[in-house]
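Come and read along with me.

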Amino acid sequence: MDREEAVNRKFPTVYRGLDEQEVRTHLRNLQSEIDRRDEKIRQLEGMLDEKEENLNSFRNVETSINEAILTAQRAGDEAKRTAQARAEEILRAAEAERERVVDEGLARARHIANQTEDMKRQSKIFRARFKMLVEAQLDLLKSDDWDYLLDFETNQEHRVDDLEAVEKKQDE
């Protein structure tokens, strides 16, 4: 029974007013319709409560997720800042190490260059002295003293032969 039918319902009239039986039947029908609608309203309210609980649960989950995202974002930002600071520290240390290695390399290069120059000087001195020695030896070889010495031996052999001859004669 719909609402309009319940409101516009006509009851037969009897001698002293409306038919009581008909009115009571109609009221019972209205009561059962009201009960049925109340039950449907309770069901719908229960569903609505359930949906609101789900909605609240989803809102709680959404809030938790948003908080987790914010926390993760903060942690990520902090990790990024920490990593950036560490990277800068590593770069500074590498820069200092590079400077130390370059300075050490330059110092060693200067030392080697000094040693090389010293060795060049010593080589020039050695060469000059060796040249003087060789020239002195060559001058000695070119001198007439060698001819005299060579002739001296030859002359000595003749003298020895002459002495032997004189001794033979004396012995004879």
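My opening question: does Glu33 count as buried or exposed? I looked it up, and Glu33 counts as buried, because its relative accessibility is 11% and buried means under 20% relative accessible area, with exposed over 50% and partly exposed in between (1.4 Å probe, protein chains only).

A note on the source: this is a predicted model, where local features need pLDDT of at least 70, side-chain atom pairs count only at pLDDT 80 or more, and totals for chains, interfaces and linings use all residues. Residues are numbered from 1 along each chain as its sequence is written, and side-chain values use heavy atoms, with hydrogens and water left out.

**Entry 1: the outline.** I found three helices and two strands in the protein; these are DSSP runs numbered from the N terminus (helices are H or I, at least four residues; strands are E, at least two). Along the sequence the pattern reads α-β-β-α-α. Of the 172 residues, 2% are buried. I noted an accessible surface of about 16,100 Å², with 55% of it belonging to carbon and sulfur atoms; such areas come from the Shrake-Rupley method with a 1.4 Å probe, and for residues only the protein chains shown count as cover.

**Entry 2: salt bridges.** I searched the whole structure and ten salt bridges turned up, each a side-chain nitrogen of Lys or Arg within 4 Å of a carboxyl oxygen of Asp or Glu. One of them joins the side chains of Glu33 and Arg37 (2.9 Å, N to O). Those two are separated by about one helical turn because they are four residues apart in helix α2. Arg37 counts as partly exposed, at 40% relative accessibility.

Next I checked Arg100 and Glu104, whose side chains meet in a salt bridge at 3.0 Å, N to O. Both lie in helix α2, four residues apart, about one turn of the helix. Salt bridges that share partners also join Glu33, Arg36 and Arg37 into one network.

**Entry 3: a nonpolar patch.** Which residues make the nonpolar surface patch of about 410 Å²? I listed Phe126, Phe130, Leu133 and Val134. Patch residues have over 30% relative accessible area and no salt bridge; nonpolar side chains (Val, Leu, Ile, Met, Phe, Trp, Tyr) are joined within 5 Å, and like charges within 9 Å. Leu133 lies in helix α2 and is partly exposed, with a relative accessible area of 47%.
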